[in-house]
Amino acid sequence: MAVCIAVIAKENYPLYIQSITTENELKFHYTVHTSLDVVDEKISAMGKALVDQRELYLGLLYPTEDYKVYGYVTNSKVKFVMVADSSNTALRDNEIHSMFQKLHNSYIDVMCNPFYNPGDCIHSRAFDNMVTSMMMQVC
Amino acid sequence: GGGCGGRRPGGRAAAERRGACGGEMAQCVQSVQEFIQDSFVPLVAALCSEEAERLTRKNNLGFSELVKPFCRLTSEVHMRDPNNQLHVIKNLKIAVNNIITHSPQPGGIRKLLNDVVSVSQPTEGLVTNVITAGDYDLNISATTPWFESYRESFLQSMPASDHEFLNHYVACMLVVSSGEPEPVEQFLKLSQEQHRIQHSSEYAYPKWFIPNTLKYYVLLHDVSAGEEQRADSVYEEMKQRYGTQGCYLLKINSRGSNRGADEQIPDPWSQYLQKNSIQTQESYDDGPYTVISNKNADHLISDDLDNDIQVDGLSNNFKAHPLQLDHLSDTSSSFDGTDYIKTTSSLHESKKTSSGTPHGACLTLTDHDRIRQFIQEFTFRGLLPHIEKTIRQLNDQLISRKGLSRSLFSATKKWFSGSKVPEKSINELKNTSGLLYPPEAPELQIRKMADLCFLVQHYELAYSCYHTAKKDFLNDQAMLYAAGALEMAAVSAFLQPGAPRPYPAHYMDTAIQTYRDICKNMVLAERCVLLSAEILKSQSKYSDAAALLIRLTSEDSDLRSALLLEQAAHCFINMKSPMVRKFAFHMILAGHRYSKAGQKKHALRCYSQAMQVYKGKGWSLAEDHINFTIGRQSFTLRQLDNAVSAFRHILINDSKQPAAQQGTFLREYLYVYKNVTQLSPDGPLPQLPLPYINNSATRVFFGHDRRPSEGEKQAATHISLDQEYDCESSHQWKELEEQVVAVVNKGIIPSNFQPTQYCLNSYSDNSKFPLAVVEEPVTVEVAFRNPLKVPLLLTDLSLLWKFQPKDFNAKHNGETKELACGNDMIGAEVIAEFLINSEETKMARLKLFPHQTGELHILGVVYNLGTIQGTMMLDGIDPSIGLQAGKFVYNGMSVRGRQELEIQGPRLNNTKEEKTSIKYGPDRRLDPIITEEMPLLEVFFINFPTGLLCGEIRKAYVEFVNVSKCPLTALKVVSKHPEFFYFWWKYCCSNTTESLSF
């Protein structure tokens with residue numbers, strides 16, 4: 001399914017970034033970083049009033065030759081970015097949506113941990129397992 | 001100071017001015033309209049007699065070069081269009097070229113473009129814009145002159161194609177000298193020659209606009225050498241023969257070549273000619289490593305005189321296109337030498353000499369005016385009437401063909417709307433790119449007319465012609481032609497005064513797609529992209545421009561891809577809400593392509609600019625990658641300091657790289673470092689970034705290692721480096737010591753008393769200089785930590801110190817000895833090998849043996865840093881340098897360097913001032929004072945009980961040993977519970993050892 005999942009802080013530094021293989025890791029980092037421009041663009045395109053009640057899921061940010069990049073922004077401006085293989089046509093938009101929601105829930109669990117300092121990198125086994133399961137679901 | 005202060009505001013003003021007029025970065029200095037106009041100008045061929053060429057050569061110039069600076073008209077021109085409407089032409093430029101009968105070769109063009117780009121580097125004081133976007137402040141070069149010169153050269157070097165006529169010759173100048181025996185005969189010869197070139201099947205190149213090319217007869221007269229009367233009479237004869245409008249007498253060389261060197265005359269040629277005489281060069285920085293390839297610096301891309309292919313005494317070299325690579329191989333044989341700009345063998349000199357060999361040495365300012373006048377006269381009386389006439393003829397043809405006497409617009413439309421499928425014979429010419437028309441096919445007439453209108457800036461007419469032509473070509477499925485018409489229709493729509501219609505970007509998109517995918521012609525596609533991107537940028541459609549630029553990047557040309565990606569990056573940063581990250585990403589892609597294209601400096605610049613975005617934002621993997629690349633590029637460019645600091649960065653940051661990657665980083669770092677140190681072997685030892693040293697964990701121990709307990713003998717001390725610091729017990733000992741000192745001094749503790757501290761650490765009081773005794777070792781324990789996932793090997797590890805010998809009895813000033821040199825005063829222990837495994841923290845104990853009294857300062861550690869796995873060679877960097885002198889440890893390489901030990905003292909918190917500010921006290925644990933010999937007592941317990949019953953009495957032995965040569969007297973024993981002990985003395989065998997039981 002997903003080949004790379006990233007959680008980006010409000011200030012646009014990575015809180016968590018995990019990709020399926022290590023060999024393309026750098027490429028994914030670049031892809032995720034560049035996609036933040038599109039996220040910014042999409043958010044700023046919306047009016048101020050709309051921002052509060054907007055849909056958190058931003059949809060497809062942009063397609064590259066090999067991958068599709070999807071985005072999701074929480075109300076606290078934490079961004080979730082998911083890179084999926086573009087050859088995987090079975091992946092529907094609403095599936096991506098639900099994956100993001102699962103990710104969001106898992107992220108909330110991390111935030112609820114009293115030992116977690118908001119803004120720190122995420123080191124959570126539960127979150128790791130969640131992300132891994134999303135990347136493992138091979139179609 | 002005054003001069004500097006004076007210059008500053010000027011620089012800022014310049015920056016503001018640039019900012020005000022350009023507004024955006026990476027934009028051309030000229031406007032878009034000017035840029036497009038100058039990209040398509042009427043082409044005029046020049047055919048010179050040998051004698052005429054010789055006259056111009058006196059000025060170090062060919063004929064076409066001579067007139068080049070004067071090819072832009074300063075005044076407006078009027079002409080009438082086919083509907084007899086007056087049309088104003090402003091700022092017209094023409095191009096005069098020598099006839100070259102070979103089409104430019106792709107290899108030559110590639111090389112030329114590569115050279116153009118590599119020569120154009122940002123200068124030190126290049127104006128940079130500061131872009132603030134979100135929390136990013138980026139310094140970006142305000143202009144990209146390398147791209148502009150690339151674009152100019154690219155457009156000029158485009159080979160003429162059959163599907164368009166814009167770069168076909170409209171007219172031909174025939175140039176003859178007045179000094180020739182038979183000038184009129186020579187004109188006839190030249191005229192025949194031109195006819196032969198145009199009409200015989202021998203030459204497919206150059207291309208001519210229409211069959212009857214305008215011939216313009218120019219009589220060149222050398223004022224200083226020729227007879228004026230004769231020139232005038234020849235000119236009269238010419239006027240008879242060719243009409244006053246068809247010929248011209250141009251007088252030049254008013255100044256003898258040998259005099260008037262003192263007179264300064266502006267050289268308008270230098271800016272034009274530099275581009276033609278670009279050398280093949282990899283311009284490295286002027287460093288000791290500079291590699292100069294003399295082989296390539298020797299030749300000059302200018303029209304060489306190849307004697308074997310001279311035709312009919314004409315000096316024009318028809319065979320050699322300036323872009324041809326051929327004369328690389330045979331420069332030595334064909335170089336005529338005397339008249340040509342000589343390049344010196346030195347690369348650096350040749351850069352300067354391009355301005356050093358003056359052009360136009362025989363020309364006065366009057367001559368300049370004469371040439372200007374000549375070009376103006378030629379354009380007004382010769383070229384434009386010819387074009388006007390041709391447009392009329394073409395228009396009449398188009399109308400007559402349909403037998404209608406209406407205006408062109410409706411007529412052409414009707415004619416073309418009813419056009420049939422072309423004949424079978426034409427169909428046979430079909431190839432992958434669709435239909436091909438023969439050169440004089442009726443279908444092409446309208447395109448010719450459109451091109452002529454375009455060249456004389458009649459954009460309305462041009463647009464409607466292109467538009468009609470486009471439909472016609474599309475009907476015929478002549479895709480190449482259709483793409484050409486689409487391209488120019490879009491451009492002329494944009495250039496129409498008053499912009500009656502919006503710029504049809506989709507025309508361009510279709511044209512680009514057709515050129516690229518159907519015709520497989522990347523050069524034409526690239527021209528489209530360059531034009532369209534510039535137009536879109538001028539309309540602030542930056543994201544469209546960027547998409548266009550990115551779409552044309554492909555595998556076939558790294559240089560083009562690099563330049564286009566860089567421009568795309570600039571588009572992203574210019575958008576209303578700047579896309580900083582996209583900018584950075586595309587800069588990295590551009591840098592990658594530059595480096596593949598061999599443009600190392602440009603690559604480095606791109607990466608450095610991208611670095612600004614990634615730096616310190618937590619994207620460590622990307623940051624490491626950029627730093628690594630910057631390091632490598634800097635290294636190949638011999639900017640070793642940059643390379644070292646970039647590599648250092650990768651290793652200092654908490655790296656999240658996998659172990660293999662870290663290993664590579666480390667090896668490359670060591671390799672580069674090795675080169676730096678070889679460069680300056682006498683310089684100070686470099687500071688190494690690895691391993692980390694936990695400065696505050698440094699412990700210092702004074703005295704000998706305690707003798708280990710043997711059997712029942714037990715050292716009666718808890719102080720050693722193996723022992724953890726225990727706050728409570730050390731406090732107890734301190735109290736006891738104070739008590740005994742008070743007893744000895746009759747109840748008063750002396751003010752200068754300090755409790756004995758054998759082992760100093762971060763908990764002990766380090767505010768005073770500790771005392772060490774001569775001939776007793778000082779042990780320093782340094783806490784190393786290896787942050788990497790690969791092991792580090794330190795070899796020849798020892799302490800670095802400074803010693804000031806001082807005899808505390810007889811005062812004399814000893815000189816300061818730096819570093820480990822005075823072994824007679826201080827002996828230093830060296831650890832031969834010290835391996836720190838991955839991510840391990842390990843202590844190293846290093847000893848110094850002071851042999852003299854004085855002040856010792858322990859500064860740091862010195863060692864060779866190396867790896868233990870190092871079988872792989874560095875790719876990309878020539879390994880031979882490392883091999884010849886490298887010292888390999890376990891197949892890895894190592895460099896010698898140092899790290900300083902700097903311990904911050906405790907935060908001061910006593911006075912109010914100290915409380916309100918942040919101040920740290922000194923930490924002197926590494927600055928012991930070496931005092932004279934003192935007695936040194938060692939105490940051992942023998943059979944010391946570990947547990948006792950209440951009221952039980954046991955006998956135990958205590959052994960006192962004075963290890964020093966100094967006698968020890970007045971030994972006191974102090975205890976918190978003196979009532980528990982009873983002493984009974986027994987002298988032992990040796991005179992220094994006493995034992996006592998209690």
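**View 1. Buried residues of helix 2 in chain B.** In helix 2 of chain B, the buried residues are Val32(B), Phe35(B), Ile36(B), Gln37(B), Asp38(B) and Ser39(B), where buried means under 20% relative accessible area, exposed over 50% and partly exposed in between, with a 1.4 Å probe and protein chains only. The helix spans residues 32-39 and is mostly covered, with six of its eight residues buried; helices (H or I, at least four residues) and strands (E, at least two) are DSSP runs numbered from the N terminus. Its buried residues pack against helix 6 (145-156), helix 16 (445-455), helix 17 (459-475), helix 18 and helix 20 (522-538) of chain B, a contact being heavy atoms within 4.5 Å. The model is predicted, so that local features need pLDDT of at least 70 and side-chain atom pairs count only at pLDDT 80 or more, whereas totals for chains, interfaces and linings use all residues. Residues are numbered from 1 along each chain as its sequence is written, chains are lettered from A and ligands numbered from 1 in the order in which they are written, and side-chain values use heavy atoms, with hydrogens and water left out.

**View 2. The largest nonpolar core and a second, separate one.** A nonpolar core is a set of buried Ala, Val, Leu, Ile, Met, Phe, Trp, Tyr and Cys residues joined through side-chain atoms within 4.5 Å. The largest has 174 residues, of which Ile36(B), Phe63(B), Met173(B), Phe374(B), Phe454(B) and Tyr614(B) touch the most other members. Helix 18 (residues 479-495) of chain B gives the most to this core, with 13 residues. A second, separate core of 55 residues includes Ile650(B), Ile693(B), Leu794(B) and Leu901(B).

View 3. Pro684(B) and Arg898(B) are 214 residues apart in sequence, yet their C-alpha atoms are 9.5 Å apart in space.

**View 4. Chain A.** Four helices and five strands make up the secondary structure of chain A, in the order β-β-α-α-β-β-β-α-α from the N terminus on. Of the 139 residues of chain A, 50% count as buried, and the C-alpha atoms fill a box of roughly 35 × 35 × 25 Å, taken along the principal axes.
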